[in-house]
Each structure stands twice: as structure tokens, then as C-alpha cells.
Amino acid sequence: MQSEERVFETFLRQYREIFCVLINAAEQITGQYSLSFEQYLLLKQIHEQRNITLSELADDTRTTRSAAARKLRALLLDGYVEQEAKMDDRRVKYLRLTPKGTRVEDDIHQVFLQSARTWNQLPSDLAPEAINDFFTRYQANVAIWDRNRPKFHRPVTRTRRQAED
């Protein structure tokens, strides 16, 4: 049990010290355009996959359809994305970047590339290719674990009235 506790504490520390730093750095970049990193990921996916639907976008970005719709709504209102109904089925809406959205996606992409060049300057006894290889293999293993892990559900809590009865 102590070993499991140590693994858990190590995970929390590493998450805070690595992933939160990276997410905060990404948010600083996208925040200059009043976008969240998650919204940028939607822009990037729409840019890479022309005529994508909301359902496909949600699947590709591993999020729920309602969460993708919430993030997309702001992108539509800000003029970064537009929708076009499919000719033979008006219920199906294709998403694509507007010229403004294309410009912003490209600007942010270029800043991320500049930032990525500095990653090679981090002190490490591993070559950048070895680090990328490790994360690629680790990502694949986490995906397998995620598909097979037991799903935990929050226990149903009784209301105060039910407790009094």
C-alpha cells in the first residue's frame, strides 16, 4: 500500500511540475488571441481536416460533443470558424476556418514552433528523438490502460429529505 501511495504522490508532483507548466505556457500563447488552448486545438483540427462535423471534431479531440459545441460557439461568434450545411442533408453542418481563423491558427502555430525549438535546449542526457519516442510509447500505453481501466462512478448521495425519512 505504501508503494501505491508513493506512486500516486509522485504522479501528482510530476503532473504539477511538468504538465501544468506546459499547459500554462500554451495558455499564455493562445491567450494573446483571447483563446484557450482547448479552443486552439479545435482550430488546429478544423484546419487540418477540411469539412469536419461537430461530432467528428469531438471524437478527434477526445471530448464530448457538448464540450466541443461550447468551445466552438465562441469560435463561431468571434469569426474564426464558419458552418455550412451539407447540400443533401441540412442537419449536417461542416466546419471550416474563416480567413481570420486561418491567420490566427497559423500565427499561434508559428509561435508554438518557436517554443518547441527551445525544448531542445533543456538539459537532458536523452536525445530529443529518445524523449519523443518515450512519450509516443507512453501515450500508446496510457491509451490502452484508459480503454481497459475500470470506470469509477461517483456514489449517489441521498438528499437531506431522504436522510430524514
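Modeller: A nonpolar core is a set of buried Ala, Val, Leu, Ile, Met, Phe, Trp, Tyr and Cys residues joined through side-chain atoms within 4.5 Å. The model discussed here is a predicted one.

Biologist: Which residues touch the most other members of the largest nonpolar core?

Modeller: That core holds 22 residues. Elements giving two or more residues to the core include α1 (2-31), α2, α3 (54-60) and α4 (65-77). The members that touch the most others are L43, I46, L75 and V81.

Biologist: Which element gives the largest share of this core?

Modeller: The core has 22 residues. Its largest share is 5 residues, and they come from α2.

Biologist: What does V81 touch, leaving out residues up to four places away in sequence?

Modeller: V81 is among the core members that touch the most others. Its contacts include L95, R96, L97 and T98. They also include L72 and L76.

Biologist: How far apart are the end C-alpha atoms of α2?

Modeller: Helix α2 has 12 residues. At 1.5 Å a residue, α2 should span 16 Å. The model agrees, with end C-alpha atoms separated by 16 Å.

Biologist: What covers the buried residues of α2?

Modeller: The buried residues of α2 are F37, Q39, Y40, L42, L43, Q45 and I46. Their cover includes α1, α3, α4, β1 (81-85), β2 and α5.

Biologist: Is Q45 buried or exposed?

Modeller: Q45 sits in helix α2, residues 37-48. Beyond four places in sequence, Q45 touches I52, L57, D60 and T61. Its relative accessible area is 18%. Buried means under 20%, so Q45 counts as buried.

Biologist: Where does T53 lie, and what is its relative accessible area?

Modeller: T53 lies in the loop between α2 and α3. Leaving aside neighbours within four places, T53 is in contact with V92, K93, Y94 and L95. T53 is buried, and its relative accessible area is 14%.

Biologist: Why are the buried residues of α5 said to be on the same side?

Modeller: The buried residues of α5 are G101, V104, E105, I108 and F112. They lie on the same side of α5 because the arc they cover around the axis is only 100 degrees.

Biologist: Which exposed residues does the face of α5 turned away from its buried side carry?

Modeller: The buried residues of α5 are covered by elements including α1, α2 and β2. The face turned away from that buried side carries the exposed residues P99, R103 and R117.

Biologist: What separates the C-alpha atoms of I108 and T30?

Modeller: I108 is in helix α5. I108 is buried, with a relative accessible area of 0%. Beyond four places in sequence, I108 touches I29, T30, Y33, L35 and Y40. I108 and T30 are 78 residues apart along the chain, yet their C-alpha atoms are separated by 6.6 Å.

Biologist: Which element gives the largest share of the lining of the largest pocket?

Modeller: About 2,500 Å³ of space lies in the largest pocket. Its lining has 44 residues, with I18, F19, L22, W119 and F135 nearest the centre. Elements giving two or more residues to the lining are α1, α2, α5 and α6 (128-148). The largest share, 13 residues, comes from α6.

Conventions. Residues numbered from 1 in each chain as written. Predicted model: local features only at pLDDT ≥ 70, side-chain atom pairs only at ≥ 80, totals over all residues. Heavy atoms only, no water. Helix = DSSP H or I, 4+ residues; strand = E, 2+ residues; numbered from the N terminus. Buried < 20%, exposed > 50% of the residue type's maximum accessible area, 1.4 Å probe, protein only. Contact = heavy atoms within 4.5 Å. Arc of directions from axis to C-beta. 1 Å grid on protein atoms, 1.4 Å probe; cavity = no way out; pocket = protein on both sides within 12 Å on 5 of 7 lines; lining within 4 Å. Points joined across faces, edges and corners; volume = space filled by probe spheres on them. Expected span 1.5 Å × (residues − 1).
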